[in-house]
Every structure is written in structure tokens, then in C-alpha cells.
Amino acid sequence: MITAAQMRAGRALLGWDQRRLAEAAGVSLPTVQRMEASDGRVRGNVESLTRIVEAFERAGLELLGEGAASGAGGRGVRLKAAAGVAG
């Protein structure tokens with residue numbers, strides 16, 4: 001669903017600290033800290049993971065899954081193109 005590296009990269013792109021992500025997702029700060037401390041894919045309950053992903057999406061972040069179009073073909077994040085803007 002999402003990796004710890006994607007969470008950190010997503011926060012960096014948005015200029016968010018862990019507290020801001022926790023607030024945007026409606027989860028606790030310790031939850032975000034535990035998720036980001038995971039190796040590889042984030043471990044946590046499905047509801048918390050979904051809230052994190054939705055918070056990133058509401059902020060305009062696109063999470064790239066394995067095999068999605070990217071330079072290296074790996075996982076990543078990128079900002080979504082604004083509506084009506086060629087990219």
C-alpha cells in the first residue's frame with residue numbers, strides 16, 4: 001500500500017513534519033512515527049494506513065505503486081498535475 005520511504009518523501013514534498021501528517025490524517029503522532037520506522041511496507045491497521053494515504057491524496061500527492069510509470073520503475077511519490085495544466 002505505502003512504504004515508510006514513501007511516507008517520508010511525501011512529507012518532504014509537502015513540507016510537512018510528522019505532526020502535520022498526523023493531524024491531516026486524523027491519527028496520532030506515535031502512529032505516524034511507528035509507521036515511518038517500519039522496514040519496507042508500512043505496518044499498521046488498515047484504517048490508519050488508509051487515512052494516511054487519503055491525507056496525502058487530498059494534499060495533491062500521488063503515490064506510485066510498484067511498476068507504475070517512473071524513471072527507475074520502483075516505488076515513489078510525485079505531485080499530481082493541476083487540472084488543466086499540461087505536464
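**Close-up views of a predicted model**

View 1. Helices here are DSSP runs of H or I with at least four residues, strands are runs of E with at least two, and both are numbered from the N terminus. The model is predicted, so to speak of local features we ask for pLDDT of at least 70 and for side-chain atom pairs 80 or more, while totals for chains, interfaces and linings use all residues. Residue numbers start from 1 along each chain as its sequence is written, and side-chain values use heavy atoms, leaving out hydrogens and water.

**View 2. The buried face of helix 1.** Within helix 1 (residues 4-14), the buried residues are Ala4, Gln6, Met7, Gly10 and Arg11. Down the helix axis they fall within an arc of 160°, so they line one face of helix 1. The arc is taken from the directions from the helix axis to the C-beta atoms. Buried means under 20% relative accessible area, exposed over 50%, and partly exposed in between, with a 1.4 Å probe and protein chains only.

**View 3. Trp16 and its partners.** One aromatic pair turns up in a search of the whole structure. Trp16 and Phe56 are stacked, 6.3 Å centre to centre with 20° between the planes. Trp16 lies in the loop between helix 1 and helix 2 and Phe56 in helix 4 (residues 46-58), so the pair ties together parts 40 residues apart in sequence. Rings of Phe, Tyr and Trp (its six-membered ring) pair if their centres lie within 6.5 Å; planes under 30 degrees apart are stacked, over 60 edge-to-face, and the rest tilted. Both Trp16 and Phe56 are buried.
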